[in-house]
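Me: Please take a close look at one helix cap and the packing around it. Then follow the contacts out to the rest of the fold.

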Amino acid sequence: MGYVKGLKCRECSREYPVAPVYVCEFCFGPLEAVYDYKNIKKVLTRRAIEKREKNLWRYRELLPVDGEPQVGLNSGFTPLLKAYNLARELGVKELYIKDDTVAHPTLSFKDRVVAVALTKAKEFGFDTVACASTGNLAHSVSAHGAKAGFKRFIFIPASLEASKILASLVYEPNLIAVDGNYDEVNRLCSEIANKYHWAFVNINIRPFYAEGSKTHGFEIIEQLGWKAPDNIVIPCASGSLLTKIWKSFKEFKQIGLLKELHTRVFAAQATGCSPITTAIKQGMDVIRPVKPDTIAKSLAIGNPADGYYATQVVAEAGGAGDDASDPEIIDAMKLLARTEGVFAETAGGVTLAVARKLIESGKIGRDETTVICVTGNGLKTQEALTGHTVSPHYIKPSLASFEEALYKIKGG
Ligand SMILES: *Cc1c(COP(=O)(O)O)cnc(C)c1O
């Protein structure tokens, strides 16, 4: 048995039994999993965790499942890279990249949420899983759903990167490409979810799905030697990842795995879709929806479901928010590759570009410890870099031709 006591409305605190439900019947607030921390504290010690396999289920008592994990046994425990070169370039003392571009079967942090969502969907007895996606979720549900034997309906905006569409299609889901943006896809999916008895991972399974994001935060604390960083910079689409990383830090504090927590939480968005960071900059908690227009398609949610809660976390943790333009995103993707050998997708470019601004403006101290969350692999969004990289040196298959090129490379 698991340690979830039930679901609870984030607004009015009304409680609900564990079921595939996601909004409060009374005030329409979102529901969230509630845990029995007292008993978790007795079993989930540092020693117990350290003995377990290096995947995201090593924190399973703090995840909302009852039985054995069914999905994602090969996901998570991604590297926390100490970024010496990048730190030197940005002029800070201690910088880390939490690198979710690797150690996930579909190469993004979405394998965390999908592992929990599909395990829960099995527990609830669903035979079909579905999602509304900005790209990475489509890829992840298609793959993990195939392995777990689900029928799959995947809804995406038709304008998604061709490489992301292909990466989903290879698993042969029912891929529905909607002539509309993500927010329109999501609205359609809410209607479909009301009519069909499917597990929509980010709609009716959302309270369980979202908890999977906490594992990104748990790992950071464990990998820093059971310490929290001074600053963390997190990319926002719906805002869920940001709120759940904060929840993960607070939970570790609550059950005694973390002694002190003074982390400032920073939100990063693309300028072409920045409803959350705009609200933060203006000191408002009302999110004004936007029509996304950015190369960072995986973050392109104009009406973010958890936007309000993300602004609350940033305020509570004493952080800030900022946005990055498309050219700044591309520059940052190249900077990360050139300094740390990490090829991140556009979302990683957003996070690094924003981190850089926060350092330059003094909001992030140069003597502090900062973690930058890099959430997806660049091989999935190669189009974004087309025309923005250096060219190969084209030669004939002869030594003479090579040496001619070498002469030019050496600046002759
Ligand atoms: C989905 C996603 C995020 C964050 O999503 P939230 O909806 O804010 O939880 C961040 N990075 C990438 C690459 C994503 O695909």
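Reply: Asparagine 181 touches Pro157, Lys291 and Pro292, leaving out residues up to four places away in sequence; contact means heavy atoms within 4.5 Å. This is a predicted model, where local features need pLDDT of at least 70, side-chain atom pairs count only at pLDDT 80 or more, and totals for chains, interfaces and linings use all residues. Residues are numbered from 1 along each chain as its sequence is written, and side-chain values use heavy atoms, with hydrogens and water left out.

Asparagine 181 sits in the loop between strand 8 and helix 7. Helices (H or I, at least four residues) and strands (E, at least two) are DSSP runs, numbered from the N terminus. The cap is at the N-terminal end of helix 7, with a side-chain oxygen of asparagine 181 lying 3.1 Å from the backbone nitrogen of aspartate 183. A polar contact is a pair of N or O atoms within 3.5 Å; within protein, one must be able to donate a hydrogen and the other to accept it, and residues adjacent in sequence count only if both atoms are side-chain atoms. Asparagine 181 is also 8.9 Å from threonine 134, C-alpha to C-alpha, across 47 residues of sequence.

Now the helix itself. Helix 7 (residues 182–195) has 14 residues and reaches 20 Å from its first C-alpha to its last, close to the 20 Å expected at 1.5 Å a residue. The expected span is 1.5 Å times one less than the number of residues. Its buried residues are Tyr182, Asp183, Val185, Cys189, Ile192 and Ala193. Buried means under 20% relative accessible area, exposed over 50%, partly exposed in between (1.4 Å probe, protein chains only). These buried residues pack against strand 6 (128–132), strand 7 (151–157), strand 8 (174–178) and strand 9 (199–200).

Next, helix 5 (residues 136–148), which holds serine 142. Serine 142 is buried, at 0% relative accessibility. Beyond four places in sequence, serine 142 touches Arg152, Ile154, Ser168, Tyr171 and Pro173. Histidine 216 is 21 Å from serine 142, C-alpha to C-alpha, and 74 residues away in sequence.

Then the aromatics. There are twelve aromatic pairs. Rings of Phe, Tyr and Trp (its six-membered ring) pair if their centres lie within 6.5 Å; planes under 30 degrees apart count as stacked, over 60 as edge-to-face and the rest as tilted. Phenylalanine 124 and phenylalanine 208 pair edge-to-face, 5.4 Å centre to centre with 75 degrees between the planes. Phenylalanine 124 lies in helix 4 (residues 110–124) and phenylalanine 208 in helix 8 (residues 206–209), so the pair ties together parts 84 residues apart in sequence. Phenylalanine 124 is partly exposed, at 24% relative accessible area. Phenylalanine 208 is buried, at 0%.

The rings of phenylalanine 218 and phenylalanine 252 are stacked, because their centres are 4.5 Å apart and their planes at 20 degrees. Phenylalanine 218 lies in helix 9 (residues 214–223) and phenylalanine 252 in helix 10, so this pair ties together parts 34 residues apart in sequence. Both phenylalanine 218 and phenylalanine 252 are buried. Phe153, Phe155, Tyr196, Trp198 and Phe200 form one aromatic cluster.

Charges meet rings too. The charged end of lysine 120 sits over the ring of phenylalanine 124, 5.3 Å from its centre. A charge sits over a ring if NZ of Lys or CZ of Arg is within 6 Å of the ring centre and within 35 degrees of the ring normal. Lysine 120 lies in helix 4 and is buried, at 2% relative accessibility. Its contacts beyond four places in sequence are Val18, Pro64, Val65, Asp66 and Phe208. Lysine 122 has its charged end over the ring of phenylalanine 150, 4.6 Å from the centre.

Last, the cores. In soluble globular proteins, nonpolar side chains tend to be buried together. A nonpolar core is a set of buried Ala, Val, Leu, Ile, Met, Phe, Trp, Tyr and Cys residues joined through side-chain atoms within 4.5 Å. The largest has 71 residues, of which Ile232, Leu242 and Phe252 touch the most other members. Helix 10 (residues 240–254) contributes the most to this core, with six residues. A second, separate core has 49 residues, including Leu86, Val92, Ile203 and Ala332.
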